[in-house]
Amino acid sequence: MLRFIKVILCNLPRIYMIPKMAYKAKHAEKYTEEECYAYARLAIRRMMRAGRISTKRYGAENLPAEGGYMLFPNHQGKYDALGIMYAHEKPCSVVIDDAKSHGLLVKQFIDLVHGKRMVKDDLRQSVKIIKELAEDTKEGRKFIIFPEGGYYRNHNTVGAFKPGSFKSAVKARVPIVPVALVDSYKAFEEWTLRPVETQVHFLKAIYYEEYKGMTTAQIADMVKGRIVHTISEAIGLV
């Protein structure tokens, strides 16, 4: 939290970026997805510099070269999606809990990357978002979905993955990319201003031919298992 406060204070001279994000998001006829994503990544880099955060990327060669896909990472904290976008050069977006998406800066950022807001406990709205995700990824878009549904100060341990998180990927028959986040919680959860380094590992993509016929519960277990193994290797447990 201390680092988060420092990031805000250091970037007060750049507060103009917030209305500029909102403007770009509202005028899709003027700004391409690539241009909006580039501006979002600029904001992330400035935040990282102010917060003394560095992120190492691994496995970029595992990302599908063409078409849409869905990234499924473990969830550690507020920095997770930002770290992935920093490491992911092609435009990608994120699915976020609607209740957490309307704060200052968060709203403008989510709008800028054309994120999807999911209302918890609203089955009809969830079904609508699942359908939209499937349609958008078929057309080539990429999305980050956190299958744990939230983070609970779990650090480098991984909670249960919700099988329903994978319905969109199955419906669209698009590649599933497991993403292992290591030390991502340190960015904003630790009460320190010391430099921090996080890791983003893009694991081998799982194509439809590999997961067809599996239930979403089986897919969730498979993806979680690969992420847990990668984290264990990264922190020296195996």
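In this predicted model, helices α3 (residues 33–51) and α4 (80–87) pack at an angle of about 115°, with their axes 10 Å apart. Helices (H or I, at least four residues) and strands (E, at least two) are DSSP runs numbered from the N terminus. Axes are lines fitted to C-alpha atoms, for helices over the stretch in contact, and angles run from 0 to 180 degrees between N-to-C directions. The crossing of α3 and α4 is left-handed; a crossing counts as left-handed if the near helix is turned anticlockwise from the far one by less than a right angle, and as right-handed if clockwise. Y37, R41, I44, R45, M47 and M48 of α3 make the contact with L82, M85 and Y86 of α4, where contact means heavy atoms within 4.5 Å. These residues comprise 7 nonpolar, no polar and 2 charged. Ala, Val, Leu, Ile, Met, Phe, Trp, Tyr, Cys and Pro count as nonpolar, Asp, Glu, Lys and Arg as charged, and the others, Gly among them, as polar.

Residues are numbered from 1 along each chain as its sequence is written. Local features need pLDDT of at least 70 and side-chain atom pairs count only at pLDDT 80 or more, while totals for chains, interfaces and linings use all residues, and side-chain values use heavy atoms, with hydrogens and water left out.

Helix α3 also packs against α2 (residues 17–26), at an angle of about 160° and with the axes 10 Å apart. That angle makes α2 roughly antiparallel to α3 (angles under 35 degrees count as roughly parallel, over 145 as roughly antiparallel, 65 to 115 as roughly perpendicular and the rest as oblique). The crossing of α2 and α3 is left-handed. On the α2 side the contact involves M17, K20, M21 and K24, and on the α3 side C36, Y39, L42, A43 and R46. Of the residues in this contact, 6 are nonpolar, none polar and 3 charged.

Helix α1 (residues 2–10) packs with α3 at an angle of about 115°, the axes lying 8 Å apart. This crossing is right-handed. R3, K6, V7 and C10 of α1 meet M47, A50 and G51 of α3, and the contact holds 4 nonpolar, 1 polar and 2 charged residues.

Grid points are joined across faces, edges and corners, and a volume is the space filled by probe spheres set on the points. The whole structure has 1 cavity of 30 Å³ or more. The largest cavity holds about 40 Å³ and is lined by E33, C36, Y37, P91, C92, L112, V113 and H114. Helix α3 gives the largest share of this lining, 3 residues.

The largest pocket holds about 1600 Å³. Its lining has 49 residues, with K78, I96, K100, V106 and I110 nearest its centre. The largest share, 5 residues, comes from α6. The lining of the largest pocket divides into 31 nonpolar, 9 polar and 9 charged residues.

Definitions and conventions: On a 1 Å grid over the protein atoms alone, a cavity is a set of points where a 1.4 Å probe fits but cannot get out, and a pocket is an open set with protein on both sides within 12 Å along at least five of seven lines; lining residues have an atom within 4 Å of a point.
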